[in-house]
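User: Hi! Could you walk me through this structure? I'd like the geometry with the cut-offs attached.

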Amino acid sequence: MDTYADLVFLGGRVVTVDAEFSVASALAVAGGIITAVGGQDDVAPLVGPGTRIVDLRGATLLPGINDSHLHGCAFGMATPPLSLDLGHPAVSSLADVAEAVREAVGRVPDGQWITGHGWDTGYLDECVSDPSRLPSRHDLDAVSPDHPVVLYSFSGHATWVNSKALELIGIDRHTVAPPGGAIVADEAGEPTGLLHEGAQALVQNALPPLSRQERTDAIRSTLATLARLGVTSYTEPGLGPGGDGIMRGALGAETLDVYRRLLADGELTARLGVLLLPTGMASTAEEFARTLTALGESGDTDPRRLAIHGVKIFADGIVPNKTSWMHEPYVGGGCGSLCVGGETDDERIAEIDAIIRHAHVAGHQVGVHVTGDRACDTVADAFAAAMAEHPRPDARHYVIHGDFLTAHSMKVLAAHGFGVNMNPTIKWTVADMEEEFVGVDRAAYAWPYRDAIDAGVRVASGSDAPVTYPDWRQGVATMMLRESKAAGRVSGPEQRIGLAEAIRTYTIDAAWQDFADDWKGSLEPGKVADLCVLAGDLLTADPHDIPEMPVVLTVVDGQVVHNTLRD
């Protein structure tokens, strides 16, 4: 035998995610490549004296998970020990947040900034009992009068600071919010300490930027977490000058340099795809074009380990801030708007059309953050118009989030071979809360997986970490059940999809988004050996039990990066 296998797996459920979603019982790997898939007889000739044989004992072998929308550096910075954990269930009230800040004050030197991530008014008792009650600087001032405090919401679209931070930033009743942003004020006109959307840049510009070591430590922390979760590929959806004002520059261009160094040093234990972020919110087409041209390209890395696929653009905001652009008004009024430059809707539509057209003509894949139904229609039509004016084969543009993707949007996306990147763990997190913003019916419809797949749109799934924890198991359960995190209520049962469809969104269809479905995303001979082993039989498990099924082995390119499975 010329080539024996390095690894052979036997005795499990090998879920290939091939075109037929066939299930085998054995798999062999040599030189980082899958060489055989089938039964024991198919892999037996490949077993040599140096072959490691893994008895799966009924466990499920899947393609490595591809989280197709995950902010790796930001996630590392947003989790302990680098930041306070203010997500549910770590905190359940404004009082809990204040207590966490009080404890941090006792640990850090005088004057040092205290940071936290993950707060969500949908899980803070005082805000749940009284929806008009919002976080305020006054909640933090008593416990931290002298330390500036900056607390990022779970969504990344709102920041909560105390009075000391406002003082150091220089925000008062006379401060004008940047375009596309809002400084929330009380009835007396004084800032409350809440900053929305583009106004968050006022905080970021006052903070010291992340050091190279901080970025490196954050990404290492993320990679370790992802290995434990079976995630072997992810997309960093936006790194560049447009991210310099987000989370102390965690989405800035320097982060891409850190990734390149980690790859060169053999520490990048997951495959990485990148969208460049030339500009942030409230961009104009002229600014976008100028910045994109200045960014240039870099092909100095192994494209199977680190690849730049295209660019990210912001079209609108998010529902909880009422900044998603909707056809029908929110509960309480207002429809939101596009967040690009322009004084009227028509001017803003023209700007987003021009931005998308420029990126398309430049040859980039285009991923557009868009959530509201009217914004989704606008972006889908802009994709189609750019393609009609400048035909390109296989551009694979996609809508990011697509919370309220319409039938029109889906038809346009499917007709042109475009995709959508949805977020089941965000659906799980916000399903109950969204009702107060858009009503019961629209909240139930949000993230319409069933309709999108039936319409022929290629659908990938991502966590948007640090917005949610990057646990694909919870994502699969949510796609199958549509149950909410807070109350366990079913939200939009007609949008449920099956297990095979859900797995595809985290594997082969996520690989499609990466232009990589010909070499990763399924367990077939000739594809790379990116593997995830889940204890138990996933195919027969109750969907409610899937989030608790342990990941016992993770393999990237044939190399084991996580292992709690006994051979």
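User: Great. What should I know about the model before we start?

Analyst: This is a predicted model, where local features need pLDDT of at least 70 and side-chain atom pairs count only at pLDDT 80 or more, while totals for chains, interfaces and linings use all residues. Residues are numbered from 1 along each chain as its sequence is written, and side-chain values use heavy atoms, with hydrogens and water left out.

User: Thanks. How many residues does helix H11 have, and what is its reach?

Analyst: H11 covers residues 345–361, which is 17 residues, and spans 24 Å from its first C-alpha to its last, close to the expected 24 Å. That expectation is 1.5 Å times one less than the number of residues. Helices here are DSSP runs of H or I with at least four residues, strands are runs of E with at least two, and both are numbered from the N terminus.

User: Which residues of H11 are buried?

Analyst: They are Arg348, Ile352, Ala354, Ile355, Ile356, Ala359 and His360. Buried means under 20% relative accessible area, exposed means over 50%, and partly exposed is in between, with a 1.4 Å probe and protein chains only.

User: And what do they pack against?

Analyst: The buried residues of H11 pack against helix H10 (285–295), strand S17 (306–314), strand S18 (365–370) and helix H12 (373–389). Contact means heavy atoms within 4.5 Å. After H11 comes Gly363, with a positive phi near 95°.

User: Which residues have the most contacts inside the largest nonpolar core?

Analyst: Tyr234, Ile356, Val368, Phe383 and Trp472 do, in a core of 115 residues. H12 gives the most to this core, with nine residues. Such a core is a set of buried Ala, Val, Leu, Ile, Met, Phe, Trp, Tyr and Cys residues joined through side-chain atoms within 4.5 Å.

User: What is Phe383 in contact with?

Analyst: Setting aside neighbours within four places in sequence, Phe383 is in contact with Ile356, Val366, Val368, His397, Tyr398, Val399, Leu413 and Phe418.

User: Switching to rings: how many aromatic pairs are there?

Analyst: The count is four aromatic pairs. Trp119 is in strand S10 (residues 114–119) and Trp160 in strand S12 (residues 158–161), so the pair ties together parts 41 residues apart in sequence. The rule takes rings of Phe, Tyr and Trp (its six-membered ring) whose centres lie within 6.5 Å; planes under 30 degrees apart count as stacked, over 60 as edge-to-face and the rest as tilted.

User: Are those two Trp residues buried or exposed?

Analyst: Both Trp119 and Trp160 are buried.

User: Which way do the residues of S12 point?

Analyst: Ala158 and Trp160 point one way from S12, Thr159 and Val161 the other way, and all are buried.

User: What does S12 pair with?

Analyst: Strand S11 (residues 149–153) pairs with S12 in the antiparallel sense over three bridges, and Leu151 stands opposite Trp160. S12 also pairs in the antiparallel sense with strand S14 (residues 191–197), over three bridges, and there Thr159 stands opposite Leu195. Pairing requires at least two DSSP bridges between the strands. The hairpin of S11 and S12 has four residues between the strands, and Gly156 takes a positive phi near 80° in it.

User: Where are the cis peptide bonds you'd point to?

Analyst: One joins Pro80 and Pro81, with omega about 5°, and Pro81 lies in the loop between H2 and strand S9 (84–85). Another joins Ala465 and Pro466, with omega about 15°. Pro466 lies in the loop between strand S21 (458–461) and helix H17 (472–481). Ala74 of helix H2 (residues 72–77) touches Met247, Ala250, Leu251 and Pro466, not counting residues up to four places away in sequence.

User: And which non-glycine residues have positive phi?

Analyst: Among them are Val17, at about 55°, and Arg57, at about 50°. Val17 is buried at 1% relative accessibility, whereas Arg57 is exposed at 53%.
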